[in-house]
Amino acid sequence: MTPPLLDVGGIEAGYNDLTILKDCSLEVRAGEVVALVGPNGAGKSTLLKTLCGLVPARAGTVRLDGERIDGLTPYAIAARGVALVPEGRRLFVPLTVRENLELGAFLPRARARQEETLRLIFGLFPTLQQRQSVAAGDLSGGEQQMLALARALMTYPRLLCLDDPFLGLAPPVTRRFSEALGELTARGMTILAAGQHVRRLLRLADRAYLLEEGRVTLSGSGPGLLRDERLRRALLELTPDVER
Amino acid sequence: MPRGGLIATGLVGLALILLPPLSGFHPYYLYLVSTGLLFGTLATSWNILAYAGQVSFGHAAFVGLGGYGAALASLHGLSPWAAIALGGGLGAAGAVIIGLASGRLQGASLALATLAYAEMWRAIAQNWDEVTGGGAGLIGIPALPTLPWPSPDVSGGRAGGYYLSLALLASVLAVFAGILRSRLGLALAAIREEEERAGLLGVHPLPWKLLAFGLSGFWSALAGGLYVHTVRVVEPDLVFSLHFSILPLVMATFGGVGTLLGPAGAALGLYLASELFLHPYVPAFHQLPYALALIVVALYAPGGLGTLFRRRRHGAA
């Protein structure tokens, strides 16, 4: 059997004296959309940051396609094809849309496919094509989120990690965004999406993990998890997720 | 501005720049303008580094390394051209070494490290008597040879120095213009804006920062080498002076960090205002323009004068 694209085995990670992730394990197979849900502070963002090398894993392993990537630098992990759309977008705001996108295609493997990826992105988000020479900071919130996703796509990722992709988006933008993610998965993109918009994430996902206090406490198919009583108790009453 | 107007302005500007030596300026004034042009080179070099978000308080280190390197090589019989180039290489190497600190230090900590670095070199030059001549420095540095072209009147002495300073400034401006249009400029802008984010896109920050340090150090050191061949002496307090660290910073900040022409323009303007008008009449206050420039810019044009009439590139503010 081929190894999963991403295999996280018993990692422990945190900041200074604080341990956030404790013996956390999960896997993502190529072509899957996996949702990572859980209450605030459960460690969802920390897990994504650990995968990308921003937070070191103190124990356990992270493997990409069977190869260990824990302990590598963020740029080395990016070069192996892991992209993160961080919470709060974090664009280069004084730079133009086009420059932000070109920075996404900085790695040689991404640059070789730059034109192809740009066509895909402008197909998903035509507004970015029209606003190429606008400074990223002058875009609307929804457009900025589109650009953050587009910039990650420019790296030609094998695994796309999304941290709270629907945070603060208006409902029409959220729908547009969900559709775009749907189109990407139809093209075979592998996605690991964390966030608090539980219903929307779980509807998109093939499989999902519930993360509580740094541990995976529940896993299953996305829609299945959505019906789980325990998940309801753990999450639905607690989160600000009001979409139906 | 229409294209024709732009070309006309450019030609008039070029004529004004090339004219002084031909129109019989007093050599002292040629020397002043040459020094102003060297400060323009320094401010532009400083700006290359600032464009990558790295603030240096220690460019005197590179000027001094270039100055001492060129002086020693010249005194040991190398032709001044080769000696200045060698000094440039020494300055670039010295800049890359302190650039390594930028892997760990940022902002004020890095600025202080560069300041200490320049002081370290000054102390070495001061105390390594056998090589550097200690506090007395080195004298008898050969003058720059007369350029083979166009005629000895305008290609030797102060006039030659003037044209060399001008050429050096033009070359660093050309390099910076090239950076602004290239992937290197994009990488440096990303590192300036948010290093961690740049890393997540696969941009390994340190090598790009070292390249910026190296380029900045190289041109600063060439200016240093040219300078010591103009004044024909080199002393620790002359080339490792805090002046060469602080003035480029003030000039670039006044002219507009990240703009192409702002720092060089501000360097010429401020230096000449200080030396031509204030030094002869109110010597005690001749440093005043630099202080006033910083205050004016902080209050009225936080991005520097250059941003008032220049379009942005890679988001340089």
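The model is a predicted one, in which local features need pLDDT of at least 70 and side-chain atom pairs count only at pLDDT 80 or more, while totals for chains, interfaces and linings use all residues. Residues are numbered from 1 along each chain as its sequence is written, and chains are lettered from A and ligands numbered from 1 in the order in which they are written. Chain A is divided into domain 1 (1–81 + 159–244) and domain 2 (91–157), with bounds that come from an automatic or database domain assignment.

**Domains of chain A**

- The centres of domain 1 and domain 2 of chain A, taken over C-alpha atoms, are separated by 23 Å.
- Between these domains, 13 residues of domain 1 of chain A are in contact with nine residues of domain 2 of chain A, contact being counted when the C-beta atoms of two residues, placed from the backbone, lie within 7 Å.
- On the side of domain 1 of chain A that touches domain 2 of chain A, H2, E7 and helix H8 (171–186) of chain A each supply at least two residues, and the largest share, four residues, comes from H8(A); helices (H or I, at least four residues) and strands (E, at least two) are DSSP runs numbered from the N terminus.
- The residues of that side of domain 1 of chain A divide into 10 nonpolar, two polar and one charged, where Ala, Val, Leu, Ile, Met, Phe, Trp, Tyr, Cys and Pro count as nonpolar, Asp, Glu, Lys and Arg as charged, and the others, Gly among them, as polar.

**The sheet of chain A**

- Six strands form an open sheet with mixed pairing in the order E6-E7-E8-E3-E9-E10 (chain A), two strands being paired if DSSP finds at least two bridges between them.
- Its edge strands are E6 and strand E10 (215–221) of chain A, each of which pairs on one side only, and the twist averages 20° from one strand to the next.
- E6(A) and strand E7 (residues 159–163) of chain A pair in the parallel sense over four bridges, with Ala83(A) standing opposite Leu160(A) in E7(A).
- Strand E6 (residues 82–85) of chain A is covered on both faces, with Val82(A) and Leu84(A) buried on one side and Ala83(A) and Val85(A) buried on the other; a residue is buried if 20 or more other C-beta atoms lie within 10 Å of its own, exposed if 12 or fewer, and partly exposed in between.
- Helix H1 (residues 44–51) of chain A lies across strand E3 (33–37), E6, E7, strand E8 (190–195) and strand E9 (207–212) of chain A, running at about 150° to E7(A), with axes fitted as lines to C-alpha atoms, for helices over the stretch in contact, and angles running from 0 to 180 degrees between N-to-C directions.

**Core and chain contacts**

- The largest nonpolar core has 170 residues, and those with the most contacts inside it are Ala35(A), Leu36(A), Ala150(A), Cys161(A) and Met251(B); such a core is a set of buried Ala, Val, Leu, Ile, Met, Phe, Trp, Tyr and Cys residues joined through C-beta atoms within 7 Å.
- The largest share of this core, 13 residues, comes from helix H2 (residues 27–51) of chain B.
- 19 residues of chain A are in contact with 17 residues of chain B, and the side of chain A that touches chain B divides into 14 nonpolar, two polar and three charged residues.

**Positive phi values**

- Asp65(A), in the loop between strand E4 (57–64) and strand E5 (67–68) of chain A, has a positive phi near 55°.
- Tyr156(A), in the loop between helix H7 (141–154) and E7 of chain A, also has a phi near 55°.
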